[in-house]
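Keep the picture open while you read, and look things up as we go.

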Amino acid sequence: MNDALRILPEIILTLAGVLVMIADALLPKPSSRKSLGWLAVLGALAALAVSFWQYQLPAGTAYYGVVQTDAFSVFFHVLIAGIVLASLLITLDAVTPETEGLGELFALMLFGAVGMMLMSSAVELLLVFVALEISSISTYIMAGFRRKSAKSPESALKYFLLGSFATSFFLYGIALIFGATGTTRISGIADAIASANPSTALLYVGLAMVIVGLGFKVSAAPFHVWTPDVYEGAPSPVVALMSTGPKAAAFAVLLRIAYGALPQLHADWVPILWWLAVISMTIGNLGALRQRNVKRMLAYSSIAHAGYILVAFTALSADGVAAASFYAVSYAAMNVGIFAIVSHAGGYDDHLTLIDDYRGLAWRSPLLGGAMTFFLISLIGIPFTGGFFGKFYVFTAAIHSGMVWLAIIGLINSGIAAFYYLRVVVALYSRSSEAAPELVVARPSIALLLAIFITSAATLILGIAPGNVLDAARAAAQTFTSVGQDAATPPSTSVDAVSTGR
Amino acid sequence: MHLALFIIFAGLCVAGALNLLLQRHPINSALSLIVVMSSLAVLYLLLGAEFLAAAQVIVYSGAIMVLFTFVIMLLNAGKEERTHGSKLAYIAGFPGAAALLGLLTYIFLSHSAAFGHARLGEYLATTGDLSRVLFRDLLLPFEVTSVLILIAILGAVALARREH
Amino acid sequence: MVPIAYYLVLSAVLFSIGVAAFLIKRNIITVFMSIELMLNAVNLAFIAFSRQWSQTTGHLQVNGQIFVFFVMVVAAAEAAVGLAIIIAVFRARNTLNVDQIDLMKL
């Protein structure tokens with residue numbers, strides 16, 4: 001029974017998903033499935049509440065050491081529950097009662113969240129793999145849900161093929177790490193490396209392949225090619241979920257593997273992640289400058305933000321882990337927020353696509369325009385928003401660990417990013433030249449207002465009073481004891497032991 | 001004996017995989033893949049994984065590949081057209097795959113002594129051995145796959161359903 | 001008596017052929033088949049490593065084999081979803097050529 005408490009949010013989400021499916025089958029054919037969305041919202045709310053409650057549990061493992069709830073995994077449980085809650089509300093607003101497959105869509109969102117949550121708490125690579133597949137497969141399916149457009153199945157196909165390709169690299173990487181250490185437990189791997197002098201060549205190649213696989217999932221360049229196409233083709237409410245939830249979970253896995261299983265190899269993975277961070281920031285921001293389509297622009301911007309989070313990774317200190325976790329929260333808040341507005345203005349079938357289509361939105365609907373401006377400002381990283389503190393902690397963590405160049409490259413990139421975000425802001429407030437028949441903004445529904453309220457409140461609180469979240473992120477970082485020490489004295493002794501002992 | 005069996009079935013695997021690459025018609029590729037999978041089952045048996053050898057034949061060659069051939073027939077897929085694929089795929093892909101192969105082969109062969117030799121008949125993993133680990137230590141991942149399968153059913157139905 | 005390294009080299013060969021096929025093949029179904037080939041290569045590596053650790057530790061280790069069992073389950077789920085996506089794409093575009101599925105430019 002005690003074990004079940006450690007996976008209670010996942011159990012609740014699974015039950016809610018099953019209930020949605022059963023209710024979907026029981027409802028008479030002609031009636032609308034939209035009310036099922038509120039059932040799903042209830043499930044997500046319950047999962048959120050239970051995730052908060054999990055902070056009361058003492059840190060520990062369950063089910064024979066397969067899952068571990070600690071400050072780190074609970075932090076991500078809360079984040080993912082919040083993301084799913086907001087995405088469900090956005091979906092409720094975007095769909096019409098006639099939209100096909102609504103019941104399935106709501107159920108898939110809940111099931112996908114089960115996978116993401118398990119990814120953050122799994123400490124056995126087998127469970128990481130199964131959970132990763134749950135989260136990936138459900139997002140592949142949801143990307144193809146806009147059935148009226150030929151773009152949607154196409155984006156599902158690209159996502160699926162490239163995603164499975166990356167998964168096989170991830171798996172081969174795990175196989176090599178298993179071959180070197182003889183175990184697939186995160187802690188067991190670290191112990192084996194510390195004590196048994198495993199073959200380092202196997203470990204290096206395995207690590208590189210795991211980074212390729214996870215780099216794809218977080219859409220870090222050069223593994224980002226799928227991102228713009230998939231975001232453009234998928235329904236906007238689904239993009240709100242898949243641009244934040246699976247990414248946060250994949251970052252949690254990357255943190256666990258890098259800091260939990262392979263801390264002794266940090267001299268090898270830090271340069272890899274350094275380059276990934278630089279390439280992601282640069283390609284993301286330069287790519288976004290060229291885009292005229294809003295969702296494609298946001299896709300490139302999400303590549304750049306993955307780069308900022310990777311900057312925090314390379315900092316190799318408890319502060320770095322905390323900064324990465326904090327950034328994941330603030331990015332989730334502002335990105336889900338902006339997709340709430342894109343999805344409402346553009347609709348489920350995307351009739352507004354270009355930045356120019358948004359001209360004059362702020363005059364038509366001051367609420368939506370104002371909220372979108374606020375999220376864009378946060379994405380730029382201007383003070384009093386979550387984006388500012390996110391970038392601030394990331395770059396200070398990098399500077400404190402001596403990665404000054406990385407911080408400078410990041411700051412230059414943030415400057416470039418301001419251009420394309422501001423271009424959208426300018427469009428929002430410029431007078432539309434003619435009547436602009438496209439820009440018919442429906443009255444926001446209660447669900448949308450709730451979603452915007454949650455995301456903008458989170459962005460604002462993170463920007464004004466980040467203390468509580470930062471403390472939670474710091475507590476999460478303490479889970480990785482090996483990085484809890486001062487960054488100036490990384491566990492270098494064991495690395496020497498490994499390399500000389502060969 | 002072991003070496004002879006290994007060489008025969010490893011040769012079949014590589015030949016099947018290359019045939020998958022070279023054939024232009026998807027059904028031929030699918031059949032070559034079945035050859036690869038069935039030969040792999042024999043290799044699993046040589047390594048002492050008897051349950052997985054059976055599962056390989058039943059799940060992979062049986063279920064998964066039948067699904068593939070079924071879809072190829074359903075969509076009436078014809079010969080591959082010779083269109084110019086992405087140049088980048090050729091330029092980066094071939095050397096990339098070759099480099100990966102070279103690197104892995106080098107590592108495996110240079111550590112060959114540490115990996116040891118496999119003898120026939122040693123360390124047979126029976127179904128009982130597997131299930132003791134599967135249903136105790138790894139019970140949670142096993143249960144969690146039910147969510148995965150539920151998603152797969154849900155997704156396959158939702159995507160392949162015709163619009164009305 | 002066969003060195004386990006030979007099995008591992010075979011798995012590397014199959015994996016690389018899978019990668020090359022993924023990049024070269026132009027029919028979506030065949031591209032998906034090359035992913036299955038890569039997964040099979042991973043499975044062989046897991047079983048070989050599992051055997052190696054049994055010999056190193058002197059008693060049977062089945063963790064690697066269990067991993068293969070799960071890879072098979074996941075591959076089956078992936079095949080169901082992937083083929084459904086392929087059918088949906090075929091209905092929308094009436095082609096199975098990767099190069100013609102290009103409504104959105106990279």
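Let's start with A:Pro222, which sits in the loop between α9 and α10 of chain A. (Helices are DSSP runs of H or I with at least four residues, strands are E runs of at least two, and both are numbered from the N terminus.) A cis peptide bond, with omega at about 0°, links A:Ala221 to A:Pro222. Another spot to look at is A:Tyr63, which isn't a glycine and yet has a positive phi of about 50°. You'll find A:Tyr63 in the loop between β1 (60–62) and β2 (67–69) of chain A. Why point these out? Most peptide bonds are trans, and most residues other than glycine have a negative phi.

Before we go on, a few ground rules: this is a predicted model, where local features need pLDDT of at least 70 and side-chain atom pairs count only at pLDDT 80 or more, while totals for chains, interfaces and linings use all residues. Residues are numbered from 1 along each chain as its sequence is written, chains are lettered from A and ligands numbered from 1 in the order in which they are written, and side-chain values use heavy atoms, with hydrogens and water left out.

## Two chains, two builds

Chain A contains 23 helices and 2 strands. Its C-alpha trace spans about 75 × 50 × 40 Å along the principal axes. How does its radius of gyration sit with the globule rule?

Now for chain C, with its 3 helices and 1 strand. Reading from the N terminus, the order is β-α-α-α. A compact globule of 106 residues would come out near 13 Å, but chain C has 18 Å. The C-alpha atoms of chain C fill a box of roughly 55 × 25 × 25 Å along the principal axes.

## Where chain C meets chain B

Here, 73 residues of chain C are in contact with 84 residues of chain B (contact means heavy atoms within 4.5 Å). The buried area between chain C and chain B is about 7300 Å², with 77% of that from carbon and sulfur atoms. Buried area is the accessible area (1.4 Å probe) that two parts lose on being put together, summed over both.

The strands join in too: β1 (residues 117–118) of chain B pairs with β1(C) in the antiparallel sense over 2 bridges (two strands pair if DSSP finds at least two bridges between them). B:His117 has C:Pro3 in β1(C) as its bridge partner.

How many salt bridges cross between chain C and chain B? The rule finds 1, and C:Arg51 forms it with B:Glu122, the closest N and O atoms being 3.9 Å apart. (A salt bridge is a side-chain nitrogen of Lys or Arg within 4 Å of a carboxyl oxygen of Asp or Glu.) On chain C's side, the elements that give two or more residues are β1 (2–3), α1 (4–24), α2 (28–57) and α3 (63–93). Of these, α3(C) gives the most, with 24 residues. Sorted by class, this side of chain C has 53 nonpolar, 14 polar and 6 charged residues. (Ala, Val, Leu, Ile, Met, Phe, Trp, Tyr, Cys and Pro count as nonpolar, Asp, Glu, Lys and Arg as charged, and the others, Gly among them, as polar.)

## Where chain A meets chain C

Chain A puts 41 residues in contact with 43 residues of chain C. About 3600 Å² is buried between chain A and chain C, and carbon and sulfur atoms give 82% of it. The rule finds 1 salt bridge here: C:Arg93 with A:Glu154, the closest N and O atoms being 3.2 Å apart.

The side of chain A that touches chain C divides into 26 nonpolar, 8 polar and 7 charged residues.

Over all chains, the count comes to 14 salt bridges. One of them pairs B:Arg161 with A:Glu104, the closest N and O atoms being 3.3 Å apart. This pair crosses between chains, from the segment after α7 (139–160) of chain B to helix α5 (residues 102–121) of chain A.

Methods: The radius of gyration is taken over C-alpha atoms; the globule rule is 2.2 Å times the number of residues to the power 0.38.
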